[in-house]
Amino acid sequence: MPQPVGTVRSPEGTYEFTFVTSDEKKLKSGEFVYYILDGKKVMCRIVKRKPLRTYPDSFLSSPTIHPSKILKALGINNDTQLFEVKACVMGYYDKKLGFVNPRIPPPPGEPVYLAESDVIQETLMKKRVGEIGSLHVGYLLNRDEDVPVVLDASLITSEHLCILASTGSGKSYLSGVIAEELMKPYNRAAVLVLDPHGEYHTLKEMEGMDEFCSDNYRPRVRVFGKDEVKIRLCELEYSELVGILPNLSDKMEALLKNAYENMPEKFTSQQLIDEIMRMDDSYTSRALVWRIRRYIQGMDVIDDYIHMELKDLLRPGQLSVLQLYEMSDLEQQVLASVLLNRILNARIAAEKGKTGEVLEYPVFIIVEEAHRFASRDARSYDVMRTILAEGRKFGVGVCLISQRPSKIDPDILSQCMTQVVMRIVNPADQENVRSSVESIGRDLLDELPGLTKGQAVVAGVSINAPVLMRVRERLTSHGGVSRDAPGEWMRWTSLMDGAVSVSSGFTGKAGNYSKEKDKKEKDKAEKDEKIETGKEIEKVGKTGKAEKTGKSRGTKKGLKIKQKNARLFWEE
Ligand SMILES: Nc1ncnc2c1ncn2[C@@H]1O[C@H](COP(=O)(O)OP(=O)(O)O)[C@@H](O)[C@H]1O
Ligand SMILES: [Mg+2]
């Protein structure tokens, strides 16, 4: 039988209660505990903790001496700290129903237990590490031992995922972890990454790593550079063509439709222009041709000859990275719009048994900088909205990654049924996340500014209850490593003639000098602290006063009164 870690003090409403513990380290905010009701373990999450005893203010008035030392000098034992911990009741876990809240908080005096690793995995995770459809993305943040956090790949694919956090918090790193998990032998997913910053090519390393291979499986990673990321003009549907050209008048659209219908199966943009001018030489046709020159001929992603086949991009066991850097925002949006439309249509065609371009398997698309593609003014807005709303029916899953969640249309964001939120500092974005990500409790949202790199709150359908997580280490290297500007300056200057000796000489000296100085200062600080503490304790002993300064009452009676007060403060 496990040892209890605390005892229930009092219920606070139906879903919360407080308990008292002397545990100093384990019971952090976000940690899981349980009490036993009718033989069932009722899981609860810690939302707050505070010390039950505080020092008298006078003990705190001297910044150089720790109040515990004063207590010690007064002969008061302060070995046991007590804490009041607030926990919210999640319920006992039923495999069919999920968490069932008993609606009866535990009575005072009831023991509270720290949830064991296997209890957590059993109740919180929908999958086990390495199981088919599992995504082992990290470990519980609060635990020293590794308690894996495992998401459900199938629910992410059907009900989408978002990763929201300020820049540099580890979004792309985590998305790389998810991509790795999706390509493991137990998932073998069909994944496409829209990569505007060139961070995902390093995933290619997985092709040669044992962790990703089994007897009959080895993942494939294809990286499409700017020259290969192309859509051939004649492969565009008419509606896609219209979607690319902005502000078409009715007349222009009618003209374009006629010209398009007259085109042979394969045609170039110049042939389309020639046909328009042949049919009509007017202000309308010239305005239409101007748009074709600007938005089709002027855009590298639309090509007269090269075309990416969907089946080359998306197939089970393959991850394709589309490198979008060096493309304008507009080009990226047009590409996303055409590609996502086509993917959705190919999935619909497969599900409904239609002919034409079909994808017979579900696909997963990772969209970095999602606010560029999913804001209301983006060219790709309509298709994003449709995919997020309809995608689940047809097996098109999307992972939206963004540092500007407030710019993503709330209707789109609210369709992401699994949410990972990492450190967010901007108050507007914090507020936006608060309102759009409902499944994360307020207590966990309060943790957001305090999270550090690689730490996250995970919530939503692919996990049974929200958890705080530290992201697991990548197996492949992360392509988005932050630049080390001073390091680069050093290297650059050391390559210059004669600079080597100057720079290394300088660093050496400065380094030694500052180390010596640091040591001297540390020694002096330690010495000063000892002297100060001695003086203080001596003073407290003589006068019964804890303050370093202030008037001395200087009597034995004073000492007794102070000791008594201190005890009262400390013990009550
Ligand atoms: N979980 C992690 N473990 C170790 N390093 C990390 C982790 N998450 C992020 N980093 C490092 O932090 C930096 C920024 O991470 P990145 O994922 O590129 O941030 P973001 O995409 O949120 O801007 C990178 O250099 C990366 O290597
Ligand atoms: Mg990033």
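Modeller: A helix here is a DSSP run of H or I with at least four residues, numbered from the N terminus. The model is predicted.

Biologist: Which helix gives the largest share of the shell around ligand 1?

Modeller: Helix H4, residues 171-183, with 3 residues. The shell holds 15 residues, and Gly170, Lys171, Ser172, Tyr173 and Gly454 come nearest to the ligand.

Biologist: Now a helix pair. At what angle do H6 and H7 pack?

Modeller: About 120°, with the axes 9 Å apart. H6 covers residues 250-262 and H7 covers residues 269-279. Angles of 65 to 115 degrees count as roughly perpendicular and those over 145 as roughly antiparallel. H6 and H7 are therefore oblique to each other. The crossing of H6 past H7 is right-handed.

Biologist: Which residues of H6 and H7 meet?

Modeller: On the H6 side, Leu255, Asn258, Ala259 and Asn262. On the H7 side, Leu272, Glu275, Ile276 and Met279. By class, this contact has 5 nonpolar, 2 polar and 1 charged residues.

Biologist: Then what is phi of arginine 103?

Modeller: Near 60°, a positive value in a residue that is not glycine. Arginine 103 lies in the loop between strand S6 (98-100) and strand S7 (111-114).

Biologist: What of phi in arginine 188?

Modeller: Phi of arginine 188 is near 55°, again positive in a residue other than glycine. The loop between H4 and strand S11 (190-195) holds arginine 188. Arginine 188 counts as partly exposed because it has 18 C-beta neighbours inside 10 Å. Buried would need 20 or more.

Biologist: Last one. Where does valine 242 lie?

Modeller: In helix H5, residues 238-244. Valine 242 has 16 C-beta neighbours inside 10 Å, so it counts as partly exposed.

Biologist: Which residues does valine 242 contact, leaving aside its neighbours within four places in sequence?

Modeller: Leu248 and Glu253. Take the glutamate: valine 242 and glutamate 253 are 11 residues apart in sequence. In space, the C-alpha to C-alpha distance between valine 242 and glutamate 253 is 7.6 Å.

Methods:
Residues numbered from 1 in each chain as written. Chains lettered and ligands numbered in written order. Predicted model: local features only at pLDDT ≥ 70, side-chain atom pairs only at ≥ 80, totals over all residues. Axes fitted to C-alpha atoms, helices over the stretch in contact; angles between N-to-C directions. Helix = DSSP H or I, 4+ residues; strand = E, 2+ residues; numbered from the N terminus. Parallel < 35°, antiparallel > 145°, perpendicular 65-115°, else oblique. Left-handed = near helix turned anticlockwise from the far one by under 90°. Contact = placed C-beta atoms within 7 Å. Nonpolar A, V, L, I, M, F, W, Y, C, P; charged D, E, K, R; others polar. Near = placed C-beta within 6 Å. Buried ≥ 20, exposed ≤ 12 C-beta atoms within 10 Å, placed from the backbone.
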